Amino acid sequence: MIRTTYINTFVLVALVFTGCQLKEAPSPDANLEGKRPNILFVISDDQSYPYASAYGEGAVQTPAFDRVAKEGLLFTRAFVASPGCSPSRAALLTGLNCWQLREAGTHASSFPREFAAFPDLLEEAGYYTGFTGKGWGPGNYKASGRERNPAGRLFRGRELKSPRDISTTDYAANFADFLEGKPGEQPFFFWLGTHEPHRRFKKGIGKENGMIAEKVRVPAFLPDVEEVRSDLLDYGFEIQWFDKQLQKTISLLEEAGELDNTLIVVTSDNGMPFPRAKANVYEYGIHVPLAVRWGNEIKGGRTSDDLVSLIDLYATFLDLAGAAYPEYKTASRSLLNIFSSDKSGIIDSTRTAVFASRERHSSSRWNNLGYPQRCIRTAQYLYIRNFKPDRWPAGAPPAFNDIDQGPERFIIRFGEDPRYAEYFRLATAKRPAEELYDIAADPACLHNLAESPRHDSVLHNLRGRLGAYLMQTLDPRVSGNGDVFESYTRLVGEIREFPQPGQAAPEE
């Protein structure tokens, strides 16, 4: 019944609301005045909003991120296209939603050559480009005929001594090598992708380094116990490590005299590696930090509450560089009007929603099946459509492999304790086809309002808006070919074996 109503609503809204259709990408300005800016893009791995001290997170100190925010613009409502790194990064690189990217819209597959990554377009426009650390991945870009990572040319020769379970890549030194090879006055684009704060964490490293458990704000979907607080400190320590790499990189820009002519963008690829966050289109899976700085071109000390997607960086970078757009329509909307404003709060009132999705994440079900989700996030609400509610969202029991869990897999152990059974259920239980959350009142996404009569009008409105957008962007999940996502081969990582549904059967 729900499915029929949902699809009928898609058809109706798609026919009525023609104003929802994607617009053609704007033409780049070929006559940009003055010197074209450099672009430094800094992206962490698995950092949820609000885990930076600029957002008031007391347990984590991020002075470099805070400096970018103070001297530039801090976004409070920035969202990724997917709660998993590989599809999220592919969407960011192409300006497309994950369901438009075929193999690149799933985890650990390939990256079709027909989709134009913006570093390539910047290079064609005369930019010197490169990256260090984690670019696009995990996946196999060579399987689709690409000669290099879509993030650009890799710089990786430098290493440093780091604590256990933290990457030894010297991100800043690799950036210095990149700068040293830059020809003359040529503008540059550089992608600095850290591997932090991705798990594993060294157990206890936060406390060892003076971080205070009492300052931790435990998300309401996790039990507030000492073990969880300590794990959150370890997570926070890796965020602070990331911030130190950012600080060293900013210092290199200052030494080179390039700081004020460089657009610095600092963000993350998806949410925190905890149950009900990463690999879920809940708030802690898709809401990420974002701060930008660009000398006198962005008035400092401002905060934007606009709903923005990291997909929007695609058009932003191309417009700044005067680079050509690809032939296909993108889903990206330039942020330059927000950058150039002198206001705070809601700056662009036309930004009324963002969209995100998920298909396969880890190998966690029979036949490598994924868990397809789509969502729309407005200023107040999050509406989610789960296309396969018969599947286990966290992976087949008893392993629940689709959760980046702590070293002791605490969420599973808590499931055996009646005091914490509800946390286990929230993380692992099957979910209904539709979910609706009032984020203003319930950022942890604990109270599903989809069955609440008081919220019928909100539910129908968001169901229709999401449906219209998915139809106009030709999402296979609503056009009758959704199983194509199950056909894309997993090329990287472990392939696990599970019983077939209907046979001994956790998937039934």
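Student: Which residue lies over the face of Phe387?
Tutor: Arg385 does, at 5.1 Å from the ring centre. Keep in mind that this is a predicted model.

Student: What sits over the ring of Tyr282?
Tutor: The charged end of Arg276, 4.1 Å from the ring centre.

Student: Okay, ring on ring now. How many aromatic pairs are there?
Tutor: The count comes to 27. Take Phe175 and Phe178: their ring centres are 6.2 Å apart and their planes are at 20°, under the 30 degrees cut-off, so they count as stacked.

Student: Where do those two sit in helix H5?
Tutor: Three residues apart, which puts about one helical turn between Phe175 and Phe178. H5 covers residues 171-180.

Student: Buried or exposed, Phe175 and Phe178?
Tutor: Both are buried.

Student: Back to Tyr282. Which residue forms an aromatic pair with it?
Tutor: Tyr437. The pair is edge-to-face, with 5.7 Å centre to centre and 85° between the planes.

Student: Why does that pair tie together parts of the chain?
Tutor: Tyr282 lies in the loop between strand S5 and helix H8, while Tyr437 is in strand S12, so the pair joins parts 155 residues apart in sequence. Tyr282 and Tyr437 are both buried.

Student: Which residues form an aromatic cluster?
Tutor: Phe41, Phe118, Phe189, Trp191, Tyr314 and Phe317 form one.

Student: New topic: charges. How many salt bridges in the whole structure?
Tutor: A search finds 36. In one of them, Asp177 meets Arg158 at 3.1 Å, N to O. Asp177 is in helix H5 and Arg158 in the loop between strand S3 and H5, so this pair links parts 19 residues apart in sequence.

Student: What's the relative accessibility of Asp177?
Tutor: It is 25%, so Asp177 counts as partly exposed. Arg158 is partly exposed too, at 40%.

Student: And Arg351, which residue does it bridge to?
Tutor: Asp312, with the closest N and O atoms 2.9 Å apart. Arg351 is in the loop between helix H10 and strand S9, and Asp312 is in helix H9, so the bridge ties parts 39 residues apart in sequence.

Student: Buried or exposed, Arg351?
Tutor: Buried, with a relative accessible area of 7%. Asp312 is buried as well, at 5%.

Student: Last one. Which residues are linked in a network of salt bridges?
Tutor: Glu359, Arg374, Arg391, Asp475, Arg477 and Glu486.

Methods. Residues are numbered from 1 along each chain as its sequence is written. This is a predicted model: local features need pLDDT of at least 70, side-chain atom pairs count only at pLDDT 80 or more; totals for chains, interfaces and linings use all residues. Side-chain values use heavy atoms; hydrogens and water are left out. Rings of Phe, Tyr and Trp (its six-membered ring) pair if their centres lie within 6.5 Å; planes under 30 degrees apart count as stacked, over 60 as edge-to-face and the rest as tilted. Helices (H or I, at least four residues) and strands (E, at least two) are DSSP runs, numbered from the N terminus. Buried means under 20% relative accessible area, exposed over 50%, partly exposed in between (1.4 Å probe, protein chains only). A charge sits over a ring if NZ of Lys or CZ of Arg is within 6 Å of the ring centre and within 35 degrees of the ring normal. A salt bridge is a side-chain nitrogen of Lys or Arg within 4 Å of a carboxyl oxygen of Asp or Glu.
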